[in-house]
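Biologist: I am new to this structure. Please walk me through the sheet.

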Amino acid sequence: MGRLTVAKLCELHRKVGLDSNVLIYIIEQVAPWNERADELVDAIETGAAVASLSSLALAEILSGPSRAGDLAQMERYEAEIRDIPGLAVESIGSDVAGDAAVIHGVRGMSLADAIHLASARAAGATVFVTNDRRIRGSAKLEVVYLDDLVPPAE
């Protein structure tokens with residue numbers, strides 16, 4: 001899509017699927033992507049769009065503090081993520097599992113990435129935002145990379 005702003009992304013796509021790396025960039029303040037991710041989450045919080053996150057993505061996000069043995073931080077992260085207005089954490093049911101199997105098998109993506117995409121599709125998302133270039137879109141779900149979003153104005 002070229003040089004896309006967060007505002008235009010939310011105008012084109014009222015339902016957005018998020019990859020775990022979007023929220024990890026915010027949590028860990030990974031520049032320059034944290035600014036783009038912050039702008040996107042701010043837009044979701046103010047109702048410009050709604051978003052979904054697979055429960056697998058939540059597990060990926062919580063793995064960092066868990067590995068560090070900081071269960072209190074893990075619980076804080078989970079509470080903060082679940083408290084983001086406009087963001088739903090989607091369970092992985094049998095429909096998502098079946099769709100993920102097809103994506104994984106036919107498109108050769110990792111099973112984790114296939115679950116992220118299948119969860120976003122099941123939630124009704126029309127776009128999936130990530131910064132993982134191995135994840136590719138399809139006719140059913142566009143993929144937008146944080147790198148391709150115009151950085152927020154200073």
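Modeller: This is a predicted model, where local features need pLDDT of at least 70, side-chain atom pairs count only at pLDDT 80 or more, and totals for chains, interfaces and linings use all residues. Residues are numbered from 1 along each chain as its sequence is written, and side-chain values use heavy atoms, leaving out hydrogens and water.

Biologist: In what order do the five strands of the open sheet lie?

Modeller: Strands are DSSP runs (E, at least two residues), numbered from the N terminus. Two strands pair if DSSP finds at least two bridges between them. The pairing in this open sheet is parallel, and the order is 3-2-1-4-5.

Biologist: Which are the edge strands?

Modeller: An edge strand here pairs on one side only. That describes strand 3 and strand 5 (142–145).

Biologist: Which residue of strand 2 stands opposite Lys 15?

Modeller: Strand 1 (residues 15–18) pairs with strand 2 (residues 50–54) over four bridges, in the parallel sense. Opposite Lys 15 stands Val 50.

Biologist: Where is Glu 90 found?

Modeller: Glu 90 has contacts (heavy atoms within 4.5 Å). Not counting residues up to four places away in sequence, Glu 90 touches Ser 52, Leu 53, Ser 54, Ser 55 and Ala 123. Its own place is strand 3 (residues 87–90).

Biologist: Why does Glu 90 count as partly exposed?

Modeller: Buried means under 20% relative accessible area and exposed over 50%, with partly exposed in between (1.4 Å probe, protein chains only). Glu 90 counts as partly exposed because its relative accessibility is 22%.
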